[in-house]
Every structure is written in C-alpha cells, then in structure tokens.
Amino acid sequence: QVRVVESGGGLVQAGGSLRLSCAASGRSFSTYTLGWFRQAPGKEREFVAHVSWSGGSTYYADSVKGRFTISRDNAKNTMYLQMNSLKPEDTAVYYCAADPRKVPGSRYAYWGQGTQVTVSS
C-alpha cells in the first residue's frame, strides 16, 4: 500500500515556474512507477509525465515536453515536477499517482488528492 500527497501548487504568472512535490509513504515506493496527471475545469484528466522506479526513464506529454521535468528521490520517498515557462493552459489540478507496474498507462493504483496550479495571463 502506498499513500501519496501532493504539494507546491499555487498562483503564478505566465512564463513563471513552480515545483510540485509528491511525498509517498509505503515500503515499496522505490519500486513503483510514478506519474503526474492534471485536470482542467470542464476537461477530462490527462497524462502529464511519468518516471520509472529508478528515475532512469521518463516520458512526457507533448504539451509539456521541454518545459516540465519529472524526477524522483527514492531516499526521500518523493517525486517532483519542475514546471517552467508556464502557460495559462497549464492551469489545472495536478495529481500524483503511483503504481507497481512498469507501464500502468492511466490506470494507476494510488492517487493523491491533487494540488491546484493557476497560471494567470
């Protein structure tokens, strides 16, 4: 069992940066695939990025590639999402997710409550 809690959201102007954190509890955290998803008002939840258990493999949605960086620190049981060059269309609730499978797709087993990111123009 893994529990994940997001933090770091807030209000930022377009072009600015934020770093989200995802703190996890659970003995198997270091073996889990971790991902970030987001949901904007009136839209479905969408994939943002994921990172493999070792941190050696990452994958990004085209909409954030080159602007966002996902990373993890297994010693601290924490995952990060560094978001640069933010745009108003990045406004959403951002969710952290964890899954024991290597490629969980969108069906992660464990989800956080979300943290709001608002980008003003």
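1. Contact here means heavy atoms within 4.5 Å. On that basis, residues 24 or more positions apart account for 55% of the contacts in the chain with a separation of 6 or more. The model is predicted: local features need pLDDT of at least 70 and side-chain atom pairs count only at pLDDT 80 or more, while totals for chains, interfaces and linings use all residues. Residues are numbered from 1 along each chain as its sequence is written, and side-chain values use heavy atoms, with hydrogens and water left out.

2. Secondary structure. The chain has 11 strands and zero helices; helices (H or I, at least four residues) and strands (E, at least two) are DSSP runs, numbered from the N terminus. The pattern along the sequence is β-β-β-β-β-β-β-β-β-β-β. With a radius of gyration of 13 Å, close to the 14 Å that the globule rule gives for 121 residues, the chain is as compact as a globular protein of that length. The radius is taken over C-alpha atoms, and the rule is 2.2 Å times the number of residues to the power 0.38. The C-alpha trace spans about 40 × 25 × 25 Å along its principal axes.

3. Surface and burial. The accessible surface of the chain is about 6,500 Å², and 46% of it belongs to carbon and sulfur atoms. Accessible areas come from the Shrake-Rupley method with a 1.4 Å probe; for residues, only the protein chains shown count as cover. Of the 121 residues, 43% count as buried. Buried means under 20% relative accessible area, exposed over 50%, and partly exposed in between (1.4 Å probe, protein chains only).

4. Core. The largest nonpolar core has 30 residues, and those with the most contacts inside it are Trp36, Leu81, Met83 and Tyr94. Such a core is a set of buried Ala, Val, Leu, Ile, Met, Phe, Trp, Tyr and Cys residues joined through side-chain atoms within 4.5 Å. At least two residues of this core come from each of strand E3 (18–25), E4, E5, E7, E8, E9 and strand E11 (115–120). Leaving aside neighbours within four places in sequence, Tyr94 is in contact with residues including Glu6, Leu20, Trp36, Phe37, Leu81, Met83 and Val117.

5. Aromatic pairs. The structure holds six of them. Rings of Phe, Tyr and Trp (its six-membered ring) pair if their centres lie within 6.5 Å; planes under 30 degrees apart count as stacked, over 60 as edge-to-face and the rest as tilted. Phe37 and Phe47 are edge-to-face, because their ring centres are 5.7 Å apart and their planes stand at 75 degrees. This pair links distant parts of the chain, with Phe37 in strand E4 (residues 33–39) and Phe47 in strand E5 (residues 46–51), 10 residues apart. Phe37 is buried, at 2% relative accessible area, whereas Phe47 is partly exposed at 25%.

6. Phe37 and Trp111. Phe37 also forms a tilted pair with Trp111, 4.9 Å centre to centre and with 55 degrees between the planes. Phe37 lies in strand E4 and Trp111 in strand E10 (residues 110–111), so the pair ties together parts that are 74 residues apart in sequence. Trp111 is partly exposed, at 24% relative accessibility. Phe37, Phe47, Tyr59, Tyr108 and Trp111 form one aromatic cluster.

7. Charges over rings. Arg45 lies over the face of Trp111, 3.7 Å from the ring centre. Arg72 lies over the face of Phe29, at 5.0 Å from the ring centre. The criterion is NZ of Lys or CZ of Arg within 6 Å of the ring centre and within 35 degrees of the ring normal.

8. Positive phi. Most residues other than glycine have a negative phi. Asn77 has a positive phi of about 50 degrees although it is not a glycine. Asn77 sits in the loop between strand E7 (68–73) and strand E8 (78–83) and is partly exposed, with a relative accessible area of 23%. Ser85 likewise has a positive phi, near 50 degrees. Ser85 is in the loop between E8 and strand E9 (92–99) and counts as partly exposed at 41% relative accessibility.

9. Gln82. This residue is found in strand E8 and counts as partly exposed at 27% relative accessibility. Not counting residues up to four places away in sequence, Gln82 touches Ser17, Leu18, Arg19, Arg67, Phe68 and Thr69.
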